[in-house]
Each structure stands twice: as structure tokens, then as C-alpha cells.
Amino acid sequence: MDAPLVAMLAVCVALALFALALGIGTWLVRRFALVGDALPEGPHFEPPALPVLSAQGASARAAWRRRLWTVGQAARETMRFAMSCRDDAARAEGHPPAAAVAEHAATALLAAQTAEREMRAAFAAAIGHEPVLLLAETTVAAHRATAAAAAAASAALTAELPDPAASRRKWLLIVMAIAIVLYAMLFFAW
């Protein structure tokens with residue numbers, strides 16, 4: 001065979017194998033439900049940049065921003081507790097503590113939504129508008145405590161339940177091992 005033809009055939013086969021691997025990977029992610037609702041990270045819980053006014057107000061702006069950042073971190077933790085409760089509720093489906101765990105998840109979700117609303121109000125407040133920030137600090141901290149208590153209660157209720165993700169992880173590891181063996185066989189065959 002001609003060298004350019006062999007090279008073109010090799011490129012086509014490589015692209016076909018890549019497309020096959022991508023398709024199998026996508027199927028595995030969907031089949032084993034590996035993609036969940038991702039927690040909104042990053043800029044969502046970060047306070048917006050404050051306008052630069054003067055050098056004298058820099059320390060006041062820095063202190064204000066630190067307080068805003070603390071409110072954002074508390075709201076993020078509240079959301080994490082709510083997501084933990086949601087995962088516990090999904091795990092408890094079909095088991096006796098399902099109703100109680102669902103109630104804790106609803107409580108934590110309501111606390112997280114309210115904390116996020118208060119966080120957004122604090123982020124929108126003008127620098128030096130102390131009552132809004134003080135209200136946000138206290139209410140977000142209270143909602144964080146509520147969500148933490150709900151997460152601890154739901155974790156205690158689901159501690160003895162079997163982990164449904166364990167079987168998914170086992171099958172995923174088996175499929176991954178098979179894929180590695182097939183890849184090694186293809187690599188050494190060529």
C-alpha cells in the first residue's frame with residue numbers, strides 16, 4: 001500500500017476510535033447517573049467588585065468586602081447542607097425514614113433559598129449601608145445553623161441505609177478496567 005494512503009487510513013481509524021470512546025463515555029455517564037446537579041460555585045457566591053472611590057476609603061471598602069465575603073461563604077455552606085439533605089432524601093427513598101429525611105431536606109432547601117436571597121440583598125446594598133449587611137449577616141448565619149441541623153439529622157437517619165452509589169462505582173470500575181484492557185490490546189496489536 002501507498003504510504004499516504006496508510007497514514008490517511010490510520011487517521012480515520014484513530015478518529016473513529018476516539019468517537020467511539022467519546023460515545024461510550026457519554027453513555028456510561030448517563031447510564032450510571034454520574035452527573036448530578038452541580039453546586040453553583042465561584043462567582044455566584046462571591047461579592048461583586050466595589051467601585052474605587054478614593055484612597056482614604058480603601059480600608060472601609062476592604063472591611064465591607066470581607067463582611068460581604070463572609071455572608072457569601074455562609075450562604076454557600078447553607079447550600080451545601082441543603083444539597084447533602086437532598087442526597088440523603090434520594091438515598092432514603094423506599095426506606096422507612098424517607099418521610100422524615102424529605103422533611104429535613106425541605107427545611108434545608110428553604111433555609112438555603114432564604115439565605116441566598118439575603119446574600120443577594122447584601123451584595124446589592126451600597127457600601128456603608130449597615131442595616132442591610134447586618135440583617136444579612138444574622139439571617140444567613142441563622143439559616144446556615146438551621147440547614148446544618150437538618151443535614152446532621154438527615155445524615156443520622158440515613159447512616160444505616162445501603163449506599164446506592166456503591167454498586168454504580170463497582171460497575172464503573174469494571175467497565176473502566178475492560179476499557180483499559182481493550183486499549184492495551186489495541187495498542188500492542190498495532
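**View 1. R120 and E116 pair through their side chains in a salt bridge (3.1 Å, N to O).** A salt bridge here is a side-chain nitrogen of Lys or Arg within 4 Å of a carboxyl oxygen of Asp or Glu. The model is predicted: local features need pLDDT of at least 70, side-chain atom pairs count only at pLDDT 80 or more, and totals for chains, interfaces and linings use all residues. Residues are numbered from 1 along each chain as its sequence is written, and side-chain values use heavy atoms, with hydrogens and water left out. Both R120 and E116 sit in helix 3, four residues apart, about one turn of the helix. Helices are DSSP runs (H or I, at least four residues), numbered from the N terminus. R120 is partly exposed, with a relative accessible area of 45%. E116 counts as buried, at 16% relative accessibility. Buried means under 20% relative accessible area, exposed over 50%, and partly exposed in between (1.4 Å probe, protein chains only).

**View 2. Helix 3 covers residues 98-124.** This helix has 27 residues. From its first C-alpha to its last, helix 3 reaches 39 Å, close to the 39 Å expected at 1.5 Å a residue. The expected span is 1.5 Å times one less than the number of residues.

**View 3. The buried residues of helix 3 pack against helix 2 (58-92) and helix 4 (130-157).** Contact means heavy atoms within 4.5 Å. Among the buried residues are the alanines A105, A108, A111, A112, A115 and A122.

**View 4. E137 and R67 meet in a salt bridge (2.8 Å, N to O) between their side chains.** This pair links distant parts of the chain: E137 lies in helix 4 and R67 in helix 2, 70 residues apart. E137 is partly exposed, with a relative accessible area of 24%. R67 is partly exposed too, with a relative accessible area of 24%.

**View 5. The side chains of R86 and D87 form a salt bridge (3.2 Å, N to O).** R86 is partly exposed, with a relative accessible area of 34%. D87 is also partly exposed, at 43% relative accessibility. Side chains of opposite charge can pair when their charged atoms come close. A search of the whole structure finds five salt bridges, including this R86 and D87 pair.

Conventions:
Helices (H or I, at least four residues) and strands (E, at least two) are DSSP runs, numbered from the N terminus.
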